[in-house]
Amino acid sequence: MTVTAYAMVSQVRYRELKTRIALAAFIGCTAWFVAPSIWPPLWFAAVLATQALDYAVFRRFRRRPEWQPDLAYKVLCCATTVLSVVVYGGITAYLWFRGGDAGQLFAMVQCAGGLLHVSLHMHHARAVLISAVVPHATYFLGLPVFGAIVSQNWHELLIAIGCVLYMSHLVVAVRQSSSTTGALQAARDAEKAARRKAEVASAAKSDFLAVVSHEIRTPMNAVISAANLLRRTRLDSQQREHVSMLIDAGDVLMGLLNDVLDFSKIEAGKMELESAEMVVRDRLATVVRLWEPRALANGVRLKVRVAPDVPAVVRTDPLRVQQILFNLMSNAVKFTQDGQIGISVTWTDGRLTISMADTGCGIPADRLGQIFNSFEQADIGTTRRYGGTGLGLSISRKLAELMGGSLTVESVEGEGATFTLNLPVVAIETPTAVPVRPAEARASLVGRSILAADDHEVNRRILQLLLEPHGCRLTLVENGAEALEAASEQRFDAILMDMQMPVMDGLEATRRIRQEALNGATPVIALTANALDLHRAAWDAAGVHAFLTKPIDPVLLATTLAEACAVGRQEAGADAAVA
C-alpha cells in the first residue's frame with residue numbers, strides 16, 4: 001500500500017493533536033497572565049474549534065492512506081490549514097500589542113516555534129506546507145514591521161531582519177531534513193523490497209528442496225531396500241561384496257542429501273531440537289558398530305573409554321548427538337589410514353564431553369580456523385581424494401551451538417586431530433522406557449494386521465518383502481481413498497501411510513480415519529519421502545503415532561510398528577474395560 005503525502009501529513013497532525021492543544025492552553029494562560037482580558041480564553045476556544053475542523057477534514061486520509069484527493073479536496077485541506085494557523089498564531093498579535101516587552105518577546109518565540117514545527121512536520125505535501133508557513137511568516141515578519149511603522153521606532157526593523165535570517169536558516173534545515181527523510185524512506189523501501197525478495201527466494205528454495213528430497217528419496221528407497229533384501233538371500237562372497245558396495249553408496253548419497261537439508265534448515269533458523277532420554281553407552285555402541293568395519297578395512301582400530309562417573313542415561317537430543325558423532329567418525333575414518341581412533345567420554349558439572357582423537361594426517365595450522373566453515377576442507381585436493389561436501393563439520397558445530405554446547409578441534413599436521421564435543425545435558429536416574437529390540441519386534445508382529453497405503457508399486461512390494469517375514473498380515477492399497485475404505489471395513493493393529501498420493505493424500509486420509517469408530521484410535525505411522533520439518537509438523541497435526549522417512553530402515557520400521565501395535569492393544573484394552 002502506497003501512503004500519499006497528504007496521508008503522511010494527516011498522520012503527523014493526528015499524533016501531535018494533544019500536544020498542540022496542551023501547548024495552546026499553556027500559551028493562553030501565559031497571555032492572560034501577561035495581559036489579562038477576555039481575549040485569551042476566546043482565542044483558546046477558537047483554537048479548539050479550528051483543531052476539530054482540521055481533525056475532521058484530514059481524517060479521511062487516515063482511513064484511506066492510499067487515497068489520492070482531487071483538486072477540490074486539496075483546496076479544502078489548504079484552506080483548513082490556513083484557518084488553523086491564522087487562529088493558532090493570532091495570539092502573537094495580542095501579545096505584541098498588549099503584552100509589553102515581555103509579551104513581544106514571548107510572541108516572537110511562539111511564532112518561531114510554530115514556523116519550525118510546521119516546516120519539519122508538514123513538508124511532505126508542498127501545498128499544505130505553504131498554507132501553514134505563510135500565516136506564521138506573516139505574523140513573524142509583519143508584526144515587527146507594523147510595530148515599527150506605528151510606533152515610529154525604526155530600530156524595531158532590526159527584529160524583522162533577524163526574523164529573515166532565522167527563516168533563511170530554517171529553509172536550509174527543512175531542505176536537509178526533507179532530503180534525509182527521503183533517503184531514509186528510500187532505504188526503508190529498498191530494505192522491504194529486498195526482504196520480500198529474500199522471502200520469495202527462501203520459499204522457492206524450500207519448495208525446491210522439498211521436491212528434490214522427495215524425488216531422490218523415492219528411488220533411493222527402492223535401491224537401498226532392494227539391496228538390504230538382497231543381502232538377506234544366499235549369496236557368494238563376490239555377490240555379497242557387490243551388495244555391500246551398493247548399500248554403502250546408497251548411505252553416502254543419503255548422507256549428502258541429509259547434510260544439504262540440515263544446512264538449509266540451520267541457515268533459515270528452522271532447526272528444531274528435541275528433548276529425550278539417551279543411553280550414552282548404547283549411542284556410542286551404535287556409532288562404533290556402524291563404523292568399525294570400515295575402520296578395520298583401513299587397518300584402524302576403534303577404542304572407546306567411558307569414565308565411571310558418566311551417567312547411564314541423559315536427557316538431550318539423541319538424534320542430533322548421533323549425527324554429530326557420525327560426522328566426526330566419518331571424518332576420522334576418512335583421514336586415518338593406520339593406527340587408531342579413540343573415543344573418550346567424561347562428565348563434569350552437568351556437561352558431557354566426548355573427545356574423538358585419530359592418528360591420521362592431521363590438519364595444517366593455517367587451515368584449522370576454516371574447517372568448520374561451510375563447504376571448506378583442509379585443502380583443494382581433499383574432495384577429489386576423499387570425497388564429501390565440506391558440510392559435515394560445519395553442521396556439527398552449528399548443531400552443538402544450537403544445543404548450548406561447543407565443538408572444537410586441536411591438531412598437529414602428520415600426527416592426527418582431536419575433536420571435542422561439549423554439551424550441557426541432564427542426568428536421568430530412572431529411565432522411563434526400554435526400547436523394543438529387533439528380536440522382540442519380530443515376535444510382537446506375528447499375527448498383526450497392518451494396513452499400508454503407498455501409490456508406488458515398487459514401494460508396496462518392498463513393504464511386502466520387509467514385513468511379511470515377520471508374520472504379520474499386510475493389506476496394501478494405492479491411495480488415501482482406498483485406505484479410508486479399508487479402514488472402515490476392518491480393524492487394523494497399525495496403519496502405514498504415505499503422504500503424496502492421488503485421489504486422496506495421506507494427511508486427509510489420516511484425518512478421516514481418526515473420525516471413524518472402527519480405526520479411530522489405531523496408531524498411524526507416516527512413512528514418506530517428504531522429510532522436511534514442515535511435513536513432520538503437518539503429520540503431527542494430523543495425529544500420527546510416528547514419522548518415518550524413506551529410504552526405509554528395516555529395523556526401525558519393525559520396532560516402530562511393534563511399539564505402535566503394543567500401544568494400540570493397550571488402548572483397545574482400556575476402552576473395553578471402560579465399556
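Trp43 counts as buried, at 9% relative accessibility (buried means under 20% relative accessible area, exposed over 50%, partly exposed in between, with a 1.4 Å probe and protein chains only). The model is predicted: local features need pLDDT of at least 70, side-chain atom pairs count only at pLDDT 80 or more, and totals for chains, interfaces and linings use all residues. Residues are numbered from 1 along each chain as its sequence is written, and side-chain values use heavy atoms, with hydrogens and water left out.

The chain contains 18 helices and 13 strands. Helices (H or I, at least four residues) and strands (E, at least two) are DSSP runs, numbered from the N terminus. Of its 579 residues, 43% count as buried. Among contacts in the chain with a separation of 6 or more, 71% come from residues 24 or more positions apart. Contact means heavy atoms within 4.5 Å.

Nine aromatic pairs occur in the structure. Rings of Phe, Tyr and Trp (its six-membered ring) pair if their centres lie within 6.5 Å; planes under 30 degrees apart count as stacked, over 60 as edge-to-face and the rest as tilted. Trp43 and Tyr88 form an edge-to-face pair, because their ring centres are 6.0 Å apart and their planes stand at 70°. Trp43 belongs to helix α3 (residues 39-63) and Tyr88 to helix α4 (residues 71-98), so the pair ties together parts 45 residues apart in sequence. Tyr88 is also buried, with a relative accessible area of 11%. A tilted pair is formed by Phe61 and Trp67, at 5.2 Å centre to centre and 40° between the planes. Phe61 is buried at 0% relative accessibility. Trp67 is buried at 11%.

The charged end of Arg62 sits over the ring of Tyr55, 4.7 Å from its centre. For Arg397, the charged end sits over the ring of Phe372, 3.8 Å from the ring centre. A charge sits over a ring if NZ of Lys or CZ of Arg is within 6 Å of the ring centre and within 35 degrees of the ring normal.

Strand β11 (residues 494-497) is covered on both faces. Ala494 and Leu496 are buried on one side, Ile495 and Met497 on the other. In a regular strand the side chains alternate between the two faces of the sheet. Strand β9 (residues 449-453) pairs with β11 in the parallel sense over four bridges. Two strands pair if DSSP finds at least two bridges between them. Leu451 stands opposite Ile495 in this pairing. Strand β12 (residues 524-528) runs parallel to β11 and is joined to it by three bridges. Here Ile495 stands opposite Val524. With helix α16 (residues 506-515), β11 and β12 make a right-handed β-α-β unit. A crossover is right-handed if, with the strands pointing away from the viewer, the path from the first strand over the helix to the second runs clockwise.

The loops around this unit were examined next. Val503 lies in the loop between β11 and α16. Val503 is exposed, with a relative accessible area of 71%. Its phi is positive, about 70°, although Val503 is not a glycine. Asn530 lies in the loop between β12 and α17 (533-542). Asn530 is buried, at 2% relative accessibility. Beyond its neighbours within four places in sequence, Asn530 contacts His214, Met499, Gln500, His535 and Phe547.

Strand β5 (residues 351-358) has six of its eight residues buried, so the strand is largely enclosed by the rest of the structure. Strand β4 (residues 339-348) runs antiparallel to β5, with eight bridges between them. Strand β7 (residues 416-424) is also antiparallel to β5, through seven bridges. Thr353 stands opposite Thr346 in β4. In β7, Thr353 has Asn422 as its bridge partner. β4 and β5 form a hairpin with two residues between them. Asp349, in the turn, has a positive phi of about 50° and is exposed at 76% relative accessible area.

Helix α10 (residues 318-335) has 14 of its 18 residues buried, so α10 is largely enclosed by the rest of the structure.

A cis peptide bond joins Lys550 and Pro551, with omega about 0°. Pro551 lies in the loop between β13 (546-549) and α18 (554-578). Most residues other than glycine have a negative phi, and most peptide bonds are trans.
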